[in-house]
Amino acid sequence: MMKRKYLAIILAILALAWLLSACVAAPAQTLLSDSATKALQPSETAGNEADAAEDTPVVVETKSTAETISEVATTEVVTETQELQPAEQTPDESQVEEPATAESETAAPEPPASDVPPANDEPQAEPPPERIAPSSEFVRDHVLDFLRGAYRFDYPANDSFVQADLPLDTPGFELVNAFESAPYQLFVGSPYLDGERIVTPVILYNPKSEARWWGEVGDDGLVTTVVAARMPRPRSSQVNGWIGHLVKLPPGSPYDDYFEGGRGLRHGIDTNRDNVAVMLDSLTDYDGRIRIFGELRYGVPDYNGRSILVRQIELLDERNAPPPNENSAEAAAETEAVSPEPTPFFGPIGAILNPVQGDVLAEVAQVRGEAEGVDDNRVVIRIEAGSGETLGEALVTTDAASPGAKGFFTIEIPILEPPTAGPGRVALYAENATDGSLELLAWTNINLAGPITGKSATIFRPEPDSRVKGRTVVSGEATNVINDVVLVRVEDLTGEVWGQSRARVQVFEAGSPGEWETSIDVRRPRTPRAGRIAVYDINPQDDSVSLLAEIGVRLAR
C-alpha cells in the first residue's frame, strides 16, 4: 500500500514537470499540438489546405513547423511508452514525416539570377546564313518589270497575275508555280545554284499571239533572256547628250556594266567603235558623270533588256557639270509611253534550236533553227567569241513555203581557231534587204573549246527526227578523240540528260576515222518532247566535254 502511494506521488511529480514544460513552450506548442492532431487525422479539407499552402511562400514556414510536430509527437509517444506499450508506426505517422523531407528540399537557397553567362558558356560563332531561293512572287514581279522596260509593253499589273493550275509542256522545265492574267501565263521553274547566285527559270507565254519569253531571274533581281520568240520589237530611240553614271557590276554578274540616267533608269551600254570601247574599259574606277550619244535599243541581251549603242562619250568634271535638265532627251526617254495594247506582229522573229546553252563547240557548229518574217526567207548565223569577234558566219535560206512564212534551217558552220578557250555565242540575224544591216533575232550562249585539234564525229544511227525511248542503239564514227573514247548523250533542248553511255572508237590508223557503237537506256519523260543525241569528246584531266556532233530526235513516253 505504501509502495503504491509513493508510486502515485512520483507520477504526480512527473506530470507536474510535464505541465511546467508545456507552459514554457507557450502558445506555439499548443498550435503544434493542434497541427499534429490535424496531420494525424487527414481530411479532404486539410488536403486542400496543404495543396494551397504549397503554392504560397507560407509553405516553407508550415513545413518547418511540421518537422517540429514530428519531434513533439515522438516525445509524447516515448512518455506514454513508459507506462503503456510501444506505439507501432502507422501510415499516418509516415505521412507526417514527408513534409520534413520536402522542407529540406524547399529550404535550399536558390542562386540569385544573373544576366552574366557562366564562365564556361563561351560565345559561339554564328553559322553563315542559309541561302534561300526567292519567292515565286519576287520572280514574277521582276520578270514583268523587266519585260515592260525591254519591250515597252504595258503588261497587266503584277498583282493581277494570280496563282493558277496551268499545264506546261516545255522540255527540261520543272514547273514549281504558275500565274495567270488572261491572256498571259507566267510559269516559275525550279531554282538552282549558279556560282554565287540562285537562279530561277521563268516562261511568259501568250496563247493568243504565241509570243513566248524564256529567261532567268537571279536572287539579286537581275533578269537575263534565254529565248524570245514572237515578242514585240519597239523601234530604237536616239540618245543625244544623256548625262548619268557608268556603273560596273561585280564578277559573277550576268552583265559587265550599265548606264544609270538622271532619273534612276538603268540601261545596258555597248559600242561597236574601238575608241569608245577602250574608254569604257578604262572607266573602272571613275565615279564621275558622263555624257553619251548613241542609240537606245530594246529587246537585246543586256542589262534590263535594253542597251545604249554608244558612238560618243564625254567625261564630265562633276563639280562643273551642268545639273540634269528635266526636259532632256534622257528625261523624255524615261517617261516614254508604253503600248497599251499588244503590239501587232510585224516580224522578223527567230529561234535557235541547236546548239543549246552551255554547249562546248570545237571546229564545227551544227546550227538548227527557225525564222519568220525575214526578207527573202534568209537569215545570217554567226559564231561569235566573247570579245565580239566573228569566228564563223553563214547565210542560209529557210524552207518556208512562201515569202515571210515560218521556216526551218539546218547548217554546219566551220569555226575559225579562237586564240583561247572561252565563252561565246551562236547568233541569228535577219538581214535588211534595203541597206544590208543586221537585226539580232535570237542567240544561244556557248563555250569555245579553243585551238583546232582536228577532232570530229558523225552519227549514223538513229536517223534524225527519230522517236527514241527505252534501250536505244547509237552508232557513228569519230576522229582524233582523246583515248579513242566518246561520250554519247540523249538530251532535251535545255541540256537535261535522259540517258548516256561511253563508246570505244575502233581506230586502225592514227588520224583516220574509227567507228563506234553503244546502247543507251533512255528515261521516258512524262510528256513527249524535242531532244537530241549528242557526241562529246572527253577531257580526262577534268572530265569536261566538247560537242562533236548531234542530231535532233523526239523523246517519246
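## Largest cavity

Strand S28 (545-555) gives the most to the lining of the largest cavity, with 4 residues, and strand S15 (364-372) likewise supplies at least two residues of that lining. The residues that line the largest cavity are Asn-354, Leu-361, Val-364, Gln-366, Leu-547, Leu-548, Ala-549 and Glu-550, and its volume is about 40 Å³. A search of the whole structure finds 2 cavities of 30 Å³ or more. A cavity here is a set of points on a 1 Å grid over the protein atoms alone where a 1.4 Å probe fits but cannot get out, and lining residues have an atom within 4 Å of a point. Strands (E, at least two residues) and helices (H or I, at least four) are DSSP runs, numbered from the N terminus.

## Basis of the model

This is a predicted model, in which local features need pLDDT of at least 70 and side-chain atom pairs count only at pLDDT 80 or more, while totals for chains, interfaces and linings use all residues. Residues are numbered from 1 along each chain as its sequence is written, and side-chain values use heavy atoms, with hydrogens and water left out.

## Overall composition

The protein contains 7 helices and 28 strands, and of its 557 residues 40% count as buried, where buried means under 20% relative accessible area, exposed over 50%, and partly exposed in between (1.4 Å probe, protein chains only).

## Salt bridges

With a salt bridge taken as a side-chain nitrogen of Lys or Arg within 4 Å of a carboxyl oxygen of Asp or Glu, the count comes to 16. One of them joins Lys-455 to Asp-537, with the closest N and O atoms 2.4 Å apart. Lys-455 lies in the loop between strand S20 (438-448) and strand S21 (456-461) and Asp-537 in strand S27 (residues 529-538), so the pair ties together parts that are 82 residues apart in sequence. Lys-455 counts as buried at 16% relative accessibility, and Asp-537 is buried at 2%.

Strand S27 also holds Arg-532, whereas Glu-491 lies in strand S24 (residues 485-492), so this pair ties together parts that are 41 residues apart in sequence. The side chains of Arg-532 and Glu-491 meet in a salt bridge (2.8 Å, N to O), and both residues are buried. Salt bridges that share partners join Asp-359, Glu-491 and Arg-532 into one network.

Within helix H5 (residues 136-151), Asp-145 and Arg-148 lie 3 residues apart, about one turn of the helix, and their side chains meet in a salt bridge (2.9 Å, N to O). Asp-145 is partly exposed, with a relative accessible area of 44%, while Arg-148 is buried, with 19%.

Terms used:
On a 1 Å grid over the protein atoms alone, a cavity is a set of points where a 1.4 Å probe fits but cannot get out, and a pocket is an open set with protein on both sides within 12 Å along at least five of seven lines; lining residues have an atom within 4 Å of a point. Grid points are joined across faces, edges and corners, and a volume is the space filled by probe spheres set on the points.
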